[in-house]
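Hi,

Here is the structure I said I would pass on. Have a look at it first, and then read my notes below.

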Amino acid sequence: MTTGLAILWEHRDLLIDGFLTTLWLAALSALASLALGSLLAIALMARRPMVARASGALVDAMRCVPFLLFAYIIYYGLPSLGLRFSNWSSGLFALIVYNTAYMAELLRGAWRGLPVEMIEAGHAFGFHGIRLVRRIILPPVILAAVPMLGNQVIQIIKDSAFLTIIAVEELTHAATVIQQTYFLPFASFVSALLLYWVLCVGVEQLVRRVGAHAEARR
Amino acid sequence: MGPGDWLSLAQGALVTVALSLAAIAIGLPLGLALALVRWRGVPYASPAIATLVSLLRAAPGVTLGLLIFFALPTVGISIEAIPAAIVTLTLITAAFDCEIWRGALVDFPRDQLEAAQSVGMTAGTRLRLIVLPQILRSALPALVNEMTLLVKASPAVAVLGVVDITRAAVRIGANTYEPLPPFSAALVIYSLVVFLFVLAQRLVERRRRAAEVA
C-alpha cells in the first residue's frame with residue numbers, strides 16, 4: 001500500500017494534468033452552457049407558441065438522453081456531417097450542448113417564479129424586449145437559480161468522466177493509465193474520486209458564498 | 001440495421017432496465033437505513049455516513065465502477081462485471097436516496113411523533129405506522145426523479161464491459177459503419193424507459209388520491 005502511494009506520488013503529474021483537464025472542461029462548459037442556456041430560456045418563455053413548443057421539445061429530448069450516448073452521437077455524428085474535431089473539442093462541444101438544455105430548463109423554472117410586478121415595473125420604466133430580459137429579468141432569475149445551477153455544475157463534473165471512453169485525457173483517464181501501467185487500482189481510482197470530491201465540495205462552497213451574497217443584496 | 005441488430009438493442013435495453021431495477025431495489029431500503037442512522041444521530045456512524053454519502057454523490061459512475069472492478073480483486077474479492085455494475089449503481093443511487101429520505105425525515109412534524117409516543121407506541125411501530133407511510137408520499141417525486149437520473153447514469157457500466165443499450169448501439173454502429181441509426185434507436189429506448197418511471201409515479205399518485213377520496 002505505502003509503496004503504491006509512493007509510485008503514485010512519483011507520477012503525480014499525470015493525475016494533476018488529468019485533474020486540470022477535468023477542471024477546464026467543467027469550467028468552460030459550465031460558463032458556455034449557462035450563457036447559451038439563458039438564450040434558450042428566452043426561447044422557452046417566448047410568447048410565440050411555435051418557438052416555445054419547438055425549444056421545449058428540444059429540451060425534453062435532451063433530458064431523456066444519457067450523456068454518454070449524446071457524446072457518442074457528437075463524436076461519431078459530426079464527422080459524417082463533414083466536421084472534424086479533436087476528441088477534446090468534441091467532448092467539450094457535447095458537454096456544452098447537452099447542458100445548455102438543462103441550464104435553460106432550470107432558468108425557466110426560476111423565471112416562472114419571478115413576480116409579475118417586477119416585469120411590469122420594468123415595462124413602466126421603459127424596458128422592453130431584449131433589454132428587459134437582460135437588465136430586469138435574467139439577473140434575479142440567475143441568482144434565484146444558483147443552488148440548482150450549482151447542482152448542474154456538479155453533474156457536469158461527473159459527466160465529464162464519461163469522456164474517458166472517447167479517449168479525452170481527463171482525470172478518470174489519467175487514473176486508468178496509472179492503473180494499467182503500474183497496476184495500482186486502489187491508489188489511482190481512490191485519488192481520482194477524492195479529487196472529484198474536492199471539485200464538487202468546492203462548487204458547493206461557491207454556491208453557498210453566492211447565496212449569502214444574494215441574500216445580503218436583497 | 002438488420003433484425004439481429006434490433007435484437008441486440010433489445011437485449012441491451014433488458015440489461016439497462018434489469019441493472020437499474022436491481023440498483024433501485026437495493027438502493028431504496030439501503031438509503032432509508034442510512035438516512036435513519038443519520039436522523040437518529042447515532043454517534044460515529046452518523047458522521048461516517050455523512051462523509052461517505054458526500055463522497056459517493058461526487059463520484060462519477062465510471063470512476064467508481066473502475067475502482068470496484070479493479071481494486072476489489074487486489075484485496076482478494078473476485079467480482080464479475082455484472083455484480084460490479086450492480087454494486088456501482090446501487091452505491092450511487094443509495095447515496096442520493098439517503099439524502100432524499102433524510103430530507104423527508106427532517107421535515108417530518110415532531111408533534112406527530114410525540115403524539116404516537118404518548119399513546120405508548122414503540123420506536124419501531126412509530127416508524128412503521130406513522131413515519132414511513134407519510135415520508136414515502138413526500139419523498140416519492142424526488143425518488144422517481146433519482147431513478148430517472150440513475151437510468152441516465154447507467155451507461156457508466158460500459159467501462160466494465162457490460163453491454164447495455166449504449167454499448168449495443170456503439171457495437172452496431174461499428175459493424176455497419178452507420179452509427180446514427182442505432183444511436184437514434186437507443187435514444188428512443190432511453191426516452192421510453194425514463195417515461196415508464198414517470199408514468200409509474202403518476203399511476204401510484206393517482207391511485208393514492210383515489211384511495212384518499214374513497
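This is a predicted model: local features need pLDDT of at least 70, side-chain atom pairs count only at pLDDT 80 or more; totals for chains, interfaces and linings use all residues.

**How H1 and H9 of chain A cross**

H1(A) passes H9(A) in a right-handed crossing. On the H1(A) side the contact is made by Gly4(A), Leu5(A) and Leu8(A), and on the H9(A) side by Phe186(A), Ala187(A), Ser188(A) and Ser191(A). The two helices pack at an angle of about 55°, with their axes 9 Å apart.

Chain A comes out with a mean pLDDT of 90, and 99% of its residues reach 70 or more. Among the elements of chain A, though, helix H1 (residues 2–10) has the lowest mean pLDDT, at 80, while helix H2 (residues 12–44) has the highest, at 94.

**Ala187(A), seen from H9**

Is Ala187(A) buried or exposed? Ala187(A) lies in helix H9 of chain A, and because it has 23 C-beta neighbours inside 10 Å, it counts as buried. Leaving aside neighbours within four places in sequence, Ala187(A) is in contact with Gly4(A), Leu5(A) and Leu8(A). For a sense of scale, Ala187(A) and Ile119(A) are 68 residues apart in sequence and 54 Å apart in space, C-alpha to C-alpha.

**Where the chains meet**

In total, 29 residues of chain A are in contact with 27 residues of chain B. On the chain A side, the elements that give two or more residues are helix H4 (67–80), H7, helix H8 (171–182) and H9. H9(A) provides the largest share of that side, 9 residues.

**The core**

The largest nonpolar core has 121 residues, and those that touch the most other members are Leu69(A), Ala71(A), Leu107(A), Tyr196(A) and Ala186(B). What does Leu107(A) contact, leaving aside its neighbours within four places in sequence? Its partners are Gly37(A), Ser38(A), Ala41(A), Val141(A), Ile142(A) and Ala145(A).

**Chain B**

Chain B has 8 helices and 0 strands. Its C-alpha trace spans about 70 × 50 × 20 Å along the principal axes. Buried residues make up 39% of its 214 residues. Of the contacts in chain B with a separation of 6 or more, 77% are between residues 24 or more positions apart.

**Loops to look at**

Ala167(A) has a positive phi, near 60°, and lies in the loop between H7 and H8 of chain A. With 12 other C-beta atoms within 10 Å, Ala167(A) is exposed; the cut-off for exposed is 12 or fewer. Over in chain B, phi of Tyr177(B) is also positive and near 60°. Tyr177(B) lies in the loop between helix H7 (165–176) and helix H8 (180–213) of chain B, and with 7 C-beta neighbours inside 10 Å it counts as exposed. For context, most residues other than glycine have a negative phi.

Last one: Gly126(A) is in the loop between helix H6 (116–124) and helix H7 (129–159) of chain A. Gly126(A) has 8 C-beta neighbours inside 10 Å, so it counts as exposed. Gly126(A) and Ala94(A) are 32 residues apart in sequence and 39 Å apart in space, C-alpha to C-alpha.

Cheers

How values were computed: Residues are numbered from 1 along each chain as its sequence is written. Chains are lettered from A and ligands numbered from 1 in the order in which they are written. pLDDT is the predictor's confidence in each residue, from 0 to 100. Helices (H or I, at least four residues) and strands (E, at least two) are DSSP runs, numbered from the N terminus. A nonpolar core is a set of buried Ala, Val, Leu, Ile, Met, Phe, Trp, Tyr and Cys residues joined through C-beta atoms within 7 Å. A residue is buried if 20 or more other C-beta atoms lie within 10 Å of its own, exposed if 12 or fewer, and partly exposed in between; C-beta atoms are placed from the backbone. Two residues are in contact if their C-beta atoms, placed from the backbone, lie within 7 Å. Axes are lines fitted to C-alpha atoms, for helices over the stretch in contact, and angles run from 0 to 180 degrees between N-to-C directions. A crossing is left-handed if the near helix is turned anticlockwise from the far one by less than a right angle, and right-handed if clockwise.
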